[in-house]
There are 2 protein chains.
Amino acid sequence: METRELRYFVAVAEELHFGRAADRLDIAQPPLSRTIAQLEQRLGVALLTRTSRKVSLTEAGAVLLAEGRAILGAIAAAERRTRTVDRPSLVLAAKAGGSGELLAKLLDAYAAEPGAVAVDLLLCEAHTWQPLLDGRADVAILHEPYDSTAGLDVEALHVESQFAILPTSHPLAGAGQLRMADVVDLPELARWPEPDGTYPDGTRVEVHNLTQLFQMIALGRAIAVMPEVVRPGLPEGLVAVPLVDASKVTTVIAWPPHSRSRAVAGLVRVATGVSSPGPG
Amino acid sequence: METRELRYFVAVAEELHFGRAADRLDIAQPPLSRTIAQLEQRLGVALLTRTSRKVSLTEAGAVLLAEGRAILGAIAAAERRTRTVDRPSLVLAAKAGGSGELLAKLLDAYAAEPGAVAVDLLLCEAHTWQPLLDGRADVAILHEPYDSTAGLDVEALHVESQFAILPTSHPLAGAGQLRMADVVDLPELARWPEPDGTYPDGTRVEVHNLTQLFQMIALGRAIAVMPEVVRPGLPEGLVAVPLVDASKVTTVIAWPPHSRSRAVAGLVRVATGVSSPGPG
DNA sequence: GCTATCGATACCGGCCGGGTATCGCTGCCA
DNA sequence: TGGCAGCGATACCCGGCCGGTATCGATAGC
C-alpha cells in the first residue's frame with residue numbers, strides 16, 4: 001500500500017464524494033476513481049459502496065480510514081522530525097488557559113537544566129494531542145480522559161477532581177456539592193468540537209475556547225464540567241461547585257513512541273520531578 | 001514521502017550496504033541509490049554518509065529508521081486488519097512458556113462470553129509485541145519492563161516480583177534472598193536477542209527460548225532473572241531465589257491504538273475482570 | 001600500483017499516473 | 001413519464017518516473 005493510495009482513500013472516505021475529494025487532492029476525478037479501485041482490488045475487500053448518487057464506507061473502509069489517518073499523521077511527523085533533527089528545539093503543545101502554573105514551573109525547571117534547548121509553546125484551543133500525531137509538536141501536556149492518549153507514551157503528572165462551572169445566578173450555584181447526575185442532562189452543558197471540526201449531535205451550545213465558554217456561562221447560556229486548574233482563572237460571576245462523583249482528571253506529559261530525542265527525555269524527566277502525581 | 005521510498009531507505013539503513021539492500025528488495029542497485037538520493041533531496045537532509053567503502057547513518061537517518069520501521073509496521077498492520085475485518089477472529093500473542101494459568105483463565109472466561117469469537121494463539125519466543133506492530137496479532141499479553149509497550153494501549157493485569165533462576169549447585173542457590181547487585185555482574189547472566197535478531201555486545205550465553213535457557217542453567221552455563229510466573233514450570237535441578245530489590249514485573253494486556261474491533265474490546269474487558277492488578 | 005569492491009552516473013525502455021472526453025446510471029421534476 | 005442534472009466509471013492518450021544494463025570514479029588492501 002503506497003502513501004499516495006492511502007492519501008487518496010482518506011480524502012474520499014472523509015468527503016464521501018469522489019468529485020470533492022479529487023478537488024481537495026488537486027487531481028481530476030477519473031484517476032482518483034481508478035486508484036481507489038486498484039487499492040480495493042489489491043486489498044481484496046470493498047472499501048466503499050457507491051451508487052451514482054451516494055458513496056458510503058464499508059466496515060473495512062472504516063477500519064482503513066482510522067488506521068490510514070494515523071499512518072498519514074505518523075508519516076508527516078516522521079518527515080518533520082527527520083528534517084529538524086539537527087536544529088535542536090522542542091515544541092510543547094498545551095491547552096490554552098489550562099495548567100498555567102504547572103507549565104510555568106516546568107519551563108523554569110527545564111530551562112535551568114544543563115543542556116536544555118529552546119522550548120517553543122504551541123497553544124491549542126482543543127485537541128492538544130493532534131500536533132503530536134502529525135509532528136507539529138514533540139511533547140504535550142494532556143488531560144485524561146478528555147484528551148486521547150492512544151498511541152502515545154505518557155507519564156502522569158497530577159490528578160485532580162472536577163467541578164461544575166456555573167453562573168452565580170444558576171439555581172444549582174448555591175449547592176455545596178453536586179453529582180454528575182445533577183448536570184449531565186442539563187440542556188446548557190457545553191459541547192466541544194470533534195477533531196475534524198464538526199460538532200457532536202445535539203442542540204447544545206458550541207464553543208471553541210475557554211474565553212468563549214466563560215462568556216457563555218456568564219450569560220447563562222451554558223454550563224461546563226472542568227478540572228480544578230481552571231478555578232483560579234474564573235472571571236467574576238462564575239462559581240465552581242465540586243462534583244463528588246465525577247471521574248478524576250489526570251494531567252499527563254505525552255510524547256510520541258519511538259522518540260529518540262534527548263531533549264524530550266530531559267523535559268519529561270524534569271516534568272515528573274516538578275510535580276508528584278498524588279491524588280488532588 | 002512514499003511507502004516505496006521508506007521501504008528502500010529502511011532496507012539500506014539496516015544493511016548499511018546498497019548492494020545487499022538492493023538484493024533484499026529484488027531490484028538493481030542503481031535505482032536504489034537514485035531513490036535514496038531523491039528522498040534526501042526532498043527531505044533536505046542527509047540520511048546516510050557514504051564513502052565507496054562504508055555506509056553509515058546520520059543522526060537524521062537514525063530518526064527516520066526508527067520512525068520508518070514503525071510506519072511500515074503500521075501499514076502492514078492496517079492492510080491485514082482491513083483485509084480480515086469481515087472474518088471476525090482474534091489473534092492473541094503471548095510468550096511461550098509464560099503466564100500459562102492466566103492465559104487459560106482468560107481464554108476460558110472469554111469463550112464463555114456471549115458473542116465471543118474464535119481466538120488464535122500466536123506463541124512467541126521473544127519480542128511478543130512485534131506481531132502487534134506489524135498486524136499479525138490483534139492483542140497481546142506482555143510483561144513490562146521486559147516488553148516494549150511504546151505506541152500501544154495497555155491495561156495492567158498483574159504485578160509480581162522477580163527471582164534469580166540458578167542451578168542448585170550454584171554458590172548463591174542456598175541464599176534465602178538476593179539483591180540485584182549480587183547477580184548483574186555475574187558472567188553467566190543470560191542474554192536475549194534484540195528485535196532484529198542480533199545480540200547485545202558481550203560474551204554472555206545466547207539463548208532463544210525458555211527451554212534453551214533452562215538447559216543452559218541446569219548445565220551451569222547460565223543464570224537468569226525472571227518473574228514469578230516461571231516458577232511452577234522450573235525443571236529439576238533449578239531453584240528460584242527471591243530478588244528483594246529487583247523491579248516489579250507487570251503483566252499487561254496490550255492492543256494497537258485506534259483499534260475498532262469489538263472482539264478486542266471484549267477480550268480486554270474479560271482480562272481485566274479475571275485478574276486484579278494487586279501487587280504480588 | 002594493481003585490483004576488487006562499491007556507490008554514482010548515464011542512458012534507455014516500458015509502465016503507470018494523470019489528463020480530457022464521454023458513457024451509464026439514478027434521483028428529481030415538470 | 002421523459003428530460004435533465006449530478007456523479008462515478010470507462011476509454012484513450014501522453015509524459016514522467018521507475019527499473020534495467022553498462023560504465024565510471026573512488027578507495028582500501030595486497
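Chain B and chain A meet through 32 residues from chain B and 32 residues from chain A, with contact meaning heavy atoms within 4.5 Å. This is a predicted model, where local features need pLDDT of at least 70 and side-chain atom pairs count only at pLDDT 80 or more, while totals for chains, interfaces and linings use all residues. Residues are numbered from 1 along each chain as its sequence is written, and side-chain values use heavy atoms, leaving out hydrogens and water.

Now for the area. About 3200 Å² is buried between chain B and chain A, and carbon and sulfur atoms give 62% of that; buried area is the accessible area (1.4 Å probe) that two parts lose on being put together, summed over both.

As for charges, there are four salt bridges between chain B and chain A (a side-chain nitrogen of Lys or Arg within 4 Å of a carboxyl oxygen of Asp or Glu). One of them links B:Arg7 to A:Glu2, with the closest N and O atoms 3.6 Å apart. On the chain B side, α1 (3-15), α3 (29-43) and α4 (59-83) each supply at least two of the residues that touch chain A; helices here are DSSP runs (H or I, at least four residues), and strands are too (E, at least two), numbered from the N terminus. The largest share, 16 residues, comes from α4(B).

Elsewhere in chain B, strand β3 (residues 90-95) pairs with strand β4 (residues 119-124), running parallel through six bridges; pairing takes at least two DSSP bridges between two strands. In that pair, B:Leu92 stands opposite B:Leu121. Strand β5 (residues 139-144) of chain B also runs parallel to β3(B), joined by two bridges, and here B:Ala93 faces B:Ala140.

Conventions
Chains lettered and ligands numbered in written order.
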